[in-house]
Amino acid sequence: MIITTQSMEDEEKWLAEGIAAIQHNAFYMSRALDSDNLREALKYSALLLSELRTSKLSPHKYYELYFLLFVVDMRAFDELRKLEMFFREEDRHGCSVIDLYELVQHAGNILPRLYLLCTVGSVYIKSKEAPAKDILKDLVEMCRGIQHPTRGLFLRSYLAQISRDKLPDLSSEYEGEGDTVMDAVDFVLQNFTEMNKLWVRMQPNGPVRLKEKLEKERSELRDLVGKNLHVLSQIEGVDLEMYKDVVLPRVLEQVVNCKDEIAQYYLMDCIIQVFPDEYHLQTLETLLGACPQLQPAVDVKTVLSRLMERLSNYADSSPEVLPDFLQVEAFAKLTSAIGKVIEAQVGMPVVGAISLYVSLLTFTLHVHPDRLDYVDQILGACVKKLSGEAKLEDSKATKQVVALLSAPLEKYTDIVTVLTLSNYPRVMDHLDVGTTIIMAKIIIESIMKNDTCVSTADKVEVLFELIKGLIKDLDGTATDELDEEDFKEEQNSVARLIHMLYNDEPDEMLKIICTVRKHIMAGGPKRLTFTVPPLVFSALQLVRRLQGQDGRAGEEVPATPKKIFQLLNETIEALSSVPSSELALRLYLLCAEAANDCELEPIAYEFFTQAFVLYEEEVADSKAQVTAIHLIIGTLQKMTVFGVENRDTLTHKATGYSAKLLKKPDQCRAVYACSHLFWVDDQDGIKDGERVLLCLKRSLRIANAAQQQANVTRGSSGPVTLFVEILNKYLYFFEKGNPQITPAAIQSLIELIKTEMQSDATTPDSASDAFFSSTLRYVQFQKQKGGLMGEKFGPIKV
């Protein structure tokens, strides 16, 4: 039925007139019933129902009129109910229900006649004067007299509505004496078939501009057809055998033969939703066999997805049914059906096919979580589908692939399980650069969230292939184009990942380190500053475990500290050329400290040499130089492996660099820090009091020079902080027992500081004053302690 723009404007008027006529005739029908005038009641009943004969309303407005007649407008509905009750009181009116059944068939217009016939038929069934199956069969056949799609659809809907509680079902009062459950099923199926035919005939044939609107109106009527399937599902006598042998084949036959895409999609979905999960599982092959026969435009992927979703939920809610899934070979049947659907629908977009595989994978992970071969098989099928695509460009398809790849991560939580899937990386190869990076982040997040340890080099190799989007530039994408904060976050996640790669077996751990090194060294200079440090720490951790395990003579030991240090030297050397010299220097010093613990003097000396070379050639910033020289001094102080010659060489270098810093205060602090290189507690032979005193005197001269320089440049001396710091060093070594540090020297320094602080040229500084006061209190405290320490500090006057 095509509704023009002009007629659409009059629909509201016609609808209002129809409702008014219904209410008018309902009033007079009520009066006729009260006066026991059967013919008058039938007359006004026919007039009331004749409003449904209109062809002037669209299906939507017709539905509104029907709804008002039978549901909302209670007066009209109540009068029809009274009419039904009136019919039942046959004795009071002197005529049997059979006569009434004949009488209403003389109504002038066929549509009101059939509505009245259905109403009387309902009474006729209740009277049990004839078998229910005969009356139901007669009614469903008589309704064929209305072939107008809209009128016929609503007439049959009314028939289904009034008969649903009168079907000969198990334990029903209408069962027996020839009436069986099969009769009820036949009635509902026949009514369903006729309603679907009428609904399909409502396909729009008008102009394209109205087609979408009319299809929408038609879709709004789908529930009228679907209610028949709901009634079927509520019939207690429809057990699994009857469903398998009768109900499902006949329903599917109608679905396939109607060849209407809207009807096929809705009815397939309706079947899945209304019938029990157990029935679907046991008739899976039959149900799936209909899918490839549907029209190409039918959204089969959604139908199958909903079916698999229901079965997945069924498996989750009742774990004891899992053997049934194995018995019916559900996975094999679903896989085959999906393959046939994709093959039959040649024009199916990639996103549609992949969404099917996502649903199948979700089903498999719920029902067969232990079958990794099933999971890999699904991924392989996806790879085959994507084989014609170099890189996915469809955002929706890409989103589905991400969902496909994320599902195993969420289910297994252990990335090691996923790494055994051979087709997993092959699917990822079809993602674009941006999505590859997103998937890499998801994989790393999964590892960190579940605290997963990857413990073999082979698994690490596969893992780093999966996250290669974060490890190196793909397809020439420059890191300069990336957001700086995002880039840092990504590389920090890779750095955290490296700490999750571990094996207790040293040889395997060394293989893991070599595998990681191979990948990160290809990542470009900008990434090395993030990825090299964790690799170095991981390797040094292995070194600590291998201390003293260099093997016997002639024995080949794969993992030894020497081999690891050689690997580290090459790795840090690459970092120093980035350039990231300050970071490289720190790592060299860490390696030197580890070599010291392994008592490998030549290796430790080599790492210190590399650190000094970097300091000389690469560290140019004055602040960086200060930090670097203090790191060198601090590390060198802890070294115990060096002989006299090597230690003297390195300490000489350190003190020389300290005295050459740009700023005098920095020089002073670095030089007095060098004093600790010549006095190390608990180590015989490294207690050179003279050289300690030499460093302190030199720092004192530098501090004095700094004061004079401040006087020249600013017209006044700077704070005396440097002098107080040197005083504290004097006190430290005095307390440690350095014979070269005498009370007289300390007293002289204290007087010098007091003089400087009282000088008008000195810049007042509260921090320096507090520092000096605190130092004097410490001296006083030591004097008051008594004993040897009190005697020692006694000559010092504060």
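The model looked at here is a predicted one, where local features need pLDDT of at least 70 and side-chain atom pairs count only at pLDDT 80 or more, while totals for chains, interfaces and linings use all residues. Residues are numbered from 1 along each chain as its sequence is written, and side-chain values use heavy atoms, with hydrogens and water left out.

Two packed helices are described by the angle between their axes and the distance between the axes. Axes are lines fitted to C-alpha atoms (for helices, over the stretch in contact), and angles run from 0 to 180 degrees between N-to-C directions. Helices (H or I, at least four residues) are DSSP runs, as are strands (E, at least two), numbered from the N terminus.

Take α10 (residues 181–200) and α14 (residues 261–274) to begin with: their packing angle is about 140 degrees and their axes lie 10 Å apart. The pair is therefore oblique. Their crossing is right-handed; that word applies if the near helix is turned clockwise from the far one by less than a right angle, and left-handed if anticlockwise. On the α10 side, the contact (heavy atoms within 4.5 Å) is made by F192, N196, W199 and V200, and on the α14 side by I262, A263, Y266 and L267. Sorted by class, these residues come out as seven nonpolar, one polar and no charged. Here Ala, Val, Leu, Ile, Met, Phe, Trp, Tyr, Cys and Pro count as nonpolar, Asp, Glu, Lys and Arg as charged, and the others, Gly among them, as polar.

Helix α7 (residues 110–127) packs with α9 at about 10 degrees, the axes being 10 Å apart, so these two are roughly parallel. Among the residues that make the contact are L111, L114 and Y115 of α7 and F154, L155 and Y158 of α9. The whole contact has nine nonpolar, two polar and one charged residues.

A cavity is a set of points, on a 1 Å grid over the protein atoms alone, where a 1.4 Å probe fits but cannot get out. The structure holds one cavity of 30 Å³ or more, and the largest cavity has a volume of about 50 Å³, volume being the space filled by probe spheres set on the points, with grid points joined across faces, edges and corners. Its lining residues (those with an atom within 4 Å of a point) include R164, F187, V188, N191 and N228. The elements giving two or more residues to this lining are α9 (149–163), α10 and α12 (222–234), and α10 gives the most, with three.

How values were computed:
Angles under 35 degrees count as roughly parallel, over 145 as roughly antiparallel, 65 to 115 as roughly perpendicular and the rest as oblique. On a 1 Å grid over the protein atoms alone, a cavity is a set of points where a 1.4 Å probe fits but cannot get out, and a pocket is an open set with protein on both sides within 12 Å along at least five of seven lines; lining residues have an atom within 4 Å of a point.
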